[in-house]
Amino acid sequence: MTEQITLPTAPTFLWGASTAAHQIEGGNTNSDWWAKEHVAGSLCAESSGDAVDSYHRYGEDIALLADAGLNAYRFSIEWARIEPAEGEFSRAQLAHYRRMIDTCLEAGVTPMVTLLHFTLPRWFAERGGWFAPDAVDLFSRYVETASQILGDVGHVVTINEPNITSMMLGASRRTNLDAAGLAAPDQAASEIQATAHRRAVDILHGLGHVKAGWTIANQVFQAGPGAQEARDAYAYPREDFFLEVARGDDFVGVQSYLRTIIGADGEPIPFGDDVEKTLTGWEYYPQALGEALEYTHKITGGVPMIVTENGMATADDARRIDYTTGALAGMARAMSAGCRVDGYLHWSLLDNYEWMSGFRPTFGLVAVDRTTFERTPKPSLAWLGKVARTGELSA
């Protein structure tokens with residue numbers, strides 16, 4: 001039986017899509033990820049290369065989003081471009097990102113700016129990255145510089161998925177980057193990022209108008225039979241710690257794709273071959289979003305939430321609509337249960353570079369020809385725009 005669900009509509013609710021600079025811009029040669037892509041024996045499937053050339057085509061991308069009826073665009077600015085050498089800041093790159101903000105505003109799109117989405121300047125990484133003794137000071141100086149272009153940006157994300165970064169750093173210290181998924185996080189990296197985040201929030205609040213927060217990869221950890229204590233112990237350093245840090249923030253970004261079931265031995269239980277999987281190998285589990293929202297609400301004590309990423313890697317756009325329908329139905333249930341959710345931003349606006357997996361997993365509402373960079377909106381873009389305008393969802 002089809003259920004008719006009513007959701008809040010634009011402009012009072014943020015409806016849109018998200019991207020990340022390194023994944024869409026192309027030519028980000030001064031970042032640590034570019035170096036990882038090109039090192040001998042790289043674990044990355046391929047180089048990001050030109051990505052989808054959004055550095056030059058951002059106007060077209062924003063227009064596609066706006067024309068579909070969406071009113072919010074989350075994108076990141078690239079520290080490696082803004083500060084290509086330690087203490088040397090590029091006015092040209094700051095002006096470039098300011099033009100992106102202006103383009104959004106002119107199109108009636110609310111810009112949400114992410115200051116750090118995984119990638120670091122190569123010089124910073126070579127100093128030790130987050131483990132450099134002055135890492136927090138260097139990041140804070142970058143935030144202060146970036147603040148110059150944020151005069152009319154209402155929502156700013158300080159750090160994207162710091163819990164994933166801590167897991168990646170934990171993996172790299174023990175084995176190699178291929179263990180990045182849910183490796184035991186490096187707690188020192190978690191603490192340092194938390195300090196950097198708090199410093200950044202203070203800087204952004206000094207502007208007087210910015211709502212600041214960070215985004216967390218919500219894994220929807222569930223307990224297998226007799227595994228509740230093991231589940232709690234597994235989840236705390238990978239998620240709860242970061243949600244507790246967010247308790248004093250203006251909002252927290254919820255990024256949800258999947259669930260993880262923890263067994264009595266304290267390790268994730270693999271899913272069987274009979275389970276539908278996405279192009280990233282994750283279980284098809286759209287109800288994860290609603291469960292992530294309710295869990296985040298509980299741990300943060302009710303900090304306002306924005307869904308800053310949610311989507312499915314698939315070549316079947318009809319299945320993408322099915323997945324998003326289920327996710328939005330879960331979001332509606334969470335809101336009915338008392339969770340405050342101020343927006344939904346789909347991952348991703350574009351089919352883009354997906355880190356170590358390369359370009360094969362396609363999350364986008366818009367397809368991109370890798371040779372010509374021609375954009376082709378998928379039916380899911382118009383579908384999501386209609387939900388945003390009408391608030392009507394059939395689930």
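Contact is taken here to mean heavy atoms within 4.5 Å. The structure is a predicted model, in which local features need pLDDT of at least 70 and side-chain atom pairs count only at pLDDT 80 or more, while totals for chains, interfaces and linings use all residues. Residues are numbered from 1 along each chain as its sequence is written, and side-chain values use heavy atoms, with hydrogens and water left out.

Leaving aside neighbours within four places in sequence, Tyr73 is in contact with Ala17, Thr19, Ile24, Ile62, Leu65, Met100, Cys104, Val109, Thr110, Pro111, Met112 and Leu349. Tyr73 also belongs to the largest nonpolar core, which has 91 residues and in which Trp15, Tyr73, Leu115, Phe139 and Met331 have the most contacts. Such a core is a set of buried (under 20% relative accessible area, 1.4 Å probe, protein chains only) Ala, Val, Leu, Ile, Met, Phe, Trp, Tyr and Cys residues joined through side-chain atoms within 4.5 Å. Helix H7 (residues 135-146) gives the most to this core, with seven residues; helices are DSSP runs (H or I, at least four residues) numbered from the N terminus.

The axes of helix H3 (residues 54-67) and helix H5 (residues 91-106), which are lines fitted to C-alpha atoms over the stretch in contact, with angles running from 0 to 180 degrees between N-to-C directions, come within 9 Å and cross at roughly 10 degrees. H3 is therefore roughly parallel to H5 (angles under 35 degrees). The contact is made by Tyr55, Tyr58, Gly59 and Ile62 of H3 and by Gln93, His96, Arg99, Met100, Thr103 and Cys104 of H5.

Conventions:
Buried means under 20% relative accessible area, exposed over 50%, partly exposed in between (1.4 Å probe, protein chains only). Helices (H or I, at least four residues) and strands (E, at least two) are DSSP runs, numbered from the N terminus. Angles under 35 degrees count as roughly parallel, over 145 as roughly antiparallel, 65 to 115 as roughly perpendicular and the rest as oblique.
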